[in-house]
Amino acid sequence: MIFYRYIAEFMFFFFIFLTFAGALLAVRTRLLMHALLGLAVSFLGVAGLYFYLGSLFLSMMQILIYVGAICIVIAFGIMVGYTPEQLKEKKIAGKNLLLGVSAAVVVFSLLFVAIWRTVWVPAVTRVGDFSLAWLGQNLLYNYCLAFELISVVLLAAIVGAIILAGEGREEKVR
Amino acid sequence: MKSETNTQQNQSFTLNMGPQHPSTHGVLQVILEMDGEYVLDPQPVLGYIHRMHEKMGESRPCRKFLPNTGRMDYVCALPFNHGYVGLIERAAGIEVPPRAEYIRVITSELNRVASHLLWLGAFLLDLGAFTPIMYSFDDREQILDILEEITGSRLTYCYFRPGGVYQDISDKFIEGTRAFIKRMRSRFSIYEKLVATNIIFIKRAEGVGVISPDMARRYGVTGPLLRGSGISYDIRKQEPYSVYSDFDFDVPVGENGDSLDRYKVRVQEMEQSLRIIEQALDKLPEGPYLGKAPKKIKLPPGDSSFSVEAARGELAYYLVGDGSEIPYRLKIRVPSYSNLSVLPELGRGILLADLVTIMGSFDLVIPEIDR
Amino acid sequence: MEITSFLPPDIIRMIVSAVVIISFVFLNAMVMTYAERKLAGHFQRRPGPMEVGSHGLLQVIVDGLKLIGKQLILPKDVDRPLFRLAPLLAFIPVVLPFIVIPFSEKLQVADLNIGLIFILAISSLNGMAVLIAGWSSNNKYSLFGALRSVAQNIAYEIPILLVVLTVALMANTFSLKGLVEAQSGMWFILLQPVAFIIYFIAGLAETNRAPFDLSEAESELTAGFHTEYSGMGFSLFFLGEYANMFVVCSIATILFLGGWHGIPLPFLEYTGVFWFLLKVYALLFVMIWCRWTYPRVRFDQLMNLAWKYLIPFSLVNFIITAIVLVIVKL
Amino acid sequence: MKSMNQFVDALKRLSVQISEVDYDRRGYHLEVSMADNQVREFAKAMLDNEFYLVFVTANHVKPAIEVVYQFAHFSTPCRVCARACVAEGEKISTISDIFHGADWHERETKDFFGVNFEGHPNLKPLLLAEDDADLKPLLKSEKMLKNVEEIRWQGEKPAKPAAAGKQAEQKAEQS
């Protein structure tokens, strides 16, 4: 069906666009809350890409954990700590800029190496029946590390939210 | 959204509750200093509907001030009438026939029940229960119908006159009142089931806004709030005015002084009011309903005071006469004014929801506070 | 016939189901609004809406027209893009779960094998909408409402997840259809009464219904997160709330009350929808009943209920179920 | 439950002037006159005797504004009306730290009469708006203003000698 192909292609580019637009919004906007919204849009785009690749489970998990949990925790932190006037971001300069750029370079090079060295398997051959038993086997045997890493991400989000909230309050003292 | 820069309370911010807010019951503003959900310092701001009733009282003959009294507390207007005519009678030495006194007691107590019913609904609305207010308004309507029959108005009554009342009560009124007493007695069990045994209600009201007897004394808290703290003080018993000494009734008191006790005290007060009305109807003497009072009442020099138990507490009128018709000085001490002044102390360090509960349990009528 | 000649049948299916779902959401909101007002009236010994149409039946339509006709007021200091986005964000996620809900054996748009997770994931977006609405209004009451709502959602999602997992464990599937089919012999409410109660309480909290309607507590926070909204902006939150209630109740029906199962009717593959809707609206009736009977709980009491009672109980229930299942298998 | 005489004895220990009045005609039991510097001492005595504050107000007469305090008791029927004079521009000490309820009553009195209460922590307009701080609506105009003798209780006519004597005392105190 050629028609489906067009729709699928369109959706692929749409999700790519969402991911990049969200990411751009996240780093370019002046308001912290808008940046967070950009982050959420970007996550949704990534979830759409998983969906495109045929893994509905992963895309649902992406929404549940990244959008539903992490973004909300960060938003919570922002709202507890800041009022809208305080959210006008200052210019990043000096040490922070250096740190940011180096972190980005390291992450991207790691990703590049990982992508370069992976032997790619077509998605179709990996699909299981998504029963509870199958999920449990996969999550706790095959993808144990990924599973644990997700919990680390959650932890990082909670810690980050607490730091954000705390900083906001300290600023008011001054 | 200005953040507070005070170094002492660096984590706080200001929240304006009112003058347009559902649970301030009128145009009262409370400026809240908040830390998250906790209230650090609530400061009431009064005067949004201040009308300078005292000045009006000092600039016209004393008879002409009578309609103003019902406008101060529109929910429980007859005791305000009662206090004022009682004061003039006391100052000018006017005799009141016994039938008039009995009619005054019956109508005042009916008005008290109506006021408590309104409070019951509004208090539970503050706690988020929507239904009780409909039930209590249903009952209150009956009282308003009965009172409209003889007073001619439903809310801001001006029924009492120096020396008696405006018109005699009819048989229809007596029948209606007896029917209402019967109906109301059966309704108490509904309120008991719907409200008083509800676990969420008890958890919301218990231990919230505890007024100790000492605190009540320092602030001059009176009425059901004081009785909720366990002090049996009721002007109708302590300094019986009118013919209250003729009746057998109890003064219900609470134990802990929390919002739950105030609820219980008010419900029991309604039952006692019904008892008083019943006795008054049984004993109702024959005779004139309006005694002899001069058309132009001269207020002799000197000061006099008259206190009545309004639905919210002690209402005191204080008058200084100079021998003319016009009062030289008229002070009106309203109960909610002193009752509300306890809020800044009571509301320190509690949750916002508890502050709403406390203000609801106070039974505030803002025009009365602002006068 | 002509349309199908140049469009594949699945596209038609998608379009038709999208139209049906959206109209069902609106219809449900209308029915619920009428039921809520009428029931509230009768609980309070008054007739409820009576004026427009017979027994006020057309009142809902008139109200809807009024809301559409009202001006969407943008207060001065709001964050404009977010303020406009929030009602849409509140509405869209509650429409999506209808895709996987099996109304009867054959009345289901798509039977995803992870349907349950799909619904949970989508409904977690709702919190985001409330947050954005509360924050962008630039009003302290709205902010309070949003913060409360999110804290409440986070707290009550945990017992819901645990309970849902317990039931999924028993049926050994995440597919909603599979869950219903697993109950053809016995409804899970008989095997898991505690789980059902926990789910229903948490569901009340999750949909911000009284007695847990703290995020829009009228007497404390005026209207909470939607204080500043008017016209359609407000009614989208309203529609969202009713659709959300329907989703929560239909999951309860699917998980515990045997979905479309009931006394067999002819064409059971389709007429099962009757039993399904009957059960869902019975649960919705209980929700409305609760709202008009109970006072609102306090925020700390709400949190205590979740963290001190519901979560431990659901956890213990989950562990016991797992142990029993292992023993049965042995 | 204490009797009224005990209160009278307790108050007589202070150097205030105290007299019992006819409750049926006046609506209170004890009348107290004091100097403006005795207010705090008197209020403390009232608190010790477990009275509560009914109200604080003022009365504009010649030669000076009178501040009127009324107290009552929760268990004994005893209502006390106390007066202190404060000359224009003078200050009277606050009792808002003794009876916390006096806080708002004193602010109201400041609103209406312009009486300054010394030591009051927060003497801002309460019922009137901040802009109307100088309005003082209850001050009488020169034409309306009466002498203090004209508004004193003269008793049942003809005036009893006791009442006349009391008036003389008050005159002496004010002069």
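Let's start with who touches whom. Of the 4 pairs of chains that touch, chains B and D have the most contacts between them. Keep in mind that this is a predicted model.

Some chains stay apart. Chain A does not touch chain D, and their nearest C-alpha atoms are 26 Å apart. Chain C does not touch chain D either; there the nearest C-alpha atoms are 25 Å apart.

Now the B–D interface. On the chain B side, 48 residues are in contact, and they meet 55 residues of chain D. How much area is buried between chain B and chain D? About 4,300 Å², with carbon and sulfur atoms giving 54% of it. Three residues stand out. B:R217, B:Y328 and B:Y337 supply 18% of the area that chain B buries against chain D, more than any other three residues. Next, the charges. Between chain B and chain D the count is 8 salt bridges. One pairs the side chain of D:E108 with that of B:K331, at 3.2 Å from N to O. The rule finds 33 residue pairs in polar contact across the interface of chain B and chain D, with both residues at pLDDT 80 or more. What is the make-up of the side of chain B that touches chain D? It divides into 19 nonpolar, 14 polar and 15 charged residues.

On to the other partner, chain C. Here the contact takes 36 residues from chain B and 27 residues from chain C. The buried area between chain B and chain C is about 2,900 Å². Carbon and sulfur atoms give 60% of that area.

For polar contacts between chain B and chain C, the count is 8 residue pairs, both residues at pLDDT 80 or more.

Which elements build the side of chain B that touches chain C? Those giving two or more residues are β1 (13-17), α4 (98-126), α5 (131-151), α6 (171-196), α7 (199-205) and α14 (352-362) of chain B. The strand β1(B) gives the most, with 5 residues. By residue type, the side of chain B that touches chain C divides into 21 nonpolar, 9 polar and 6 charged.

Now one helix inside chain B. Helix α3 of chain B covers residues 77-92, which is 16 residues. From its first C-alpha to its last, α3(B) reaches 23 Å. That is close to the 22 Å expected at 1.5 Å a residue. Is α3(B) buried or exposed? With the cut-off for buried at under 20% relative accessible area, 15 of the 16 residues of α3(B) are buried, so the helix is largely enclosed by the rest of the structure. What follows α3(B)? B:G93 does, and its phi is positive, near 65°.

Last, chain A. Chain A has 6 helices and 0 strands. Along the sequence, the pattern of chain A reads α-α-α-α-α-α. Chain A has 174 residues, and buried residues make up 30% of them. Take the contacts in chain A with a separation of 6 or more: residues 24 or more positions apart account for 65% of these.

To recap the two interfaces of chain B. Against chain D: about 4,300 Å² buried and 8 salt bridges.

Methods: Residues numbered from 1 in each chain as written. Chains lettered and ligands numbered in written order. Predicted model: local features only at pLDDT ≥ 70, side-chain atom pairs only at ≥ 80, totals over all residues. Heavy atoms only, no water. Contact = heavy atoms within 4.5 Å. Buried area = accessible area lost by both parts, 1.4 Å probe. Salt bridge = Lys/Arg side-chain N within 4 Å of Asp/Glu carboxyl O. Polar contact = N/O pair within 3.5 Å; in protein donor to acceptor, adjacent residues only side chain to side chain. Nonpolar A, V, L, I, M, F, W, Y, C, P; charged D, E, K, R; others polar. Helix = DSSP H or I, 4+ residues; strand = E, 2+ residues; numbered from the N terminus. Expected span 1.5 Å × (residues − 1). Buried < 20%, exposed > 50% of the residue type's maximum accessible area, 1.4 Å probe, protein only.
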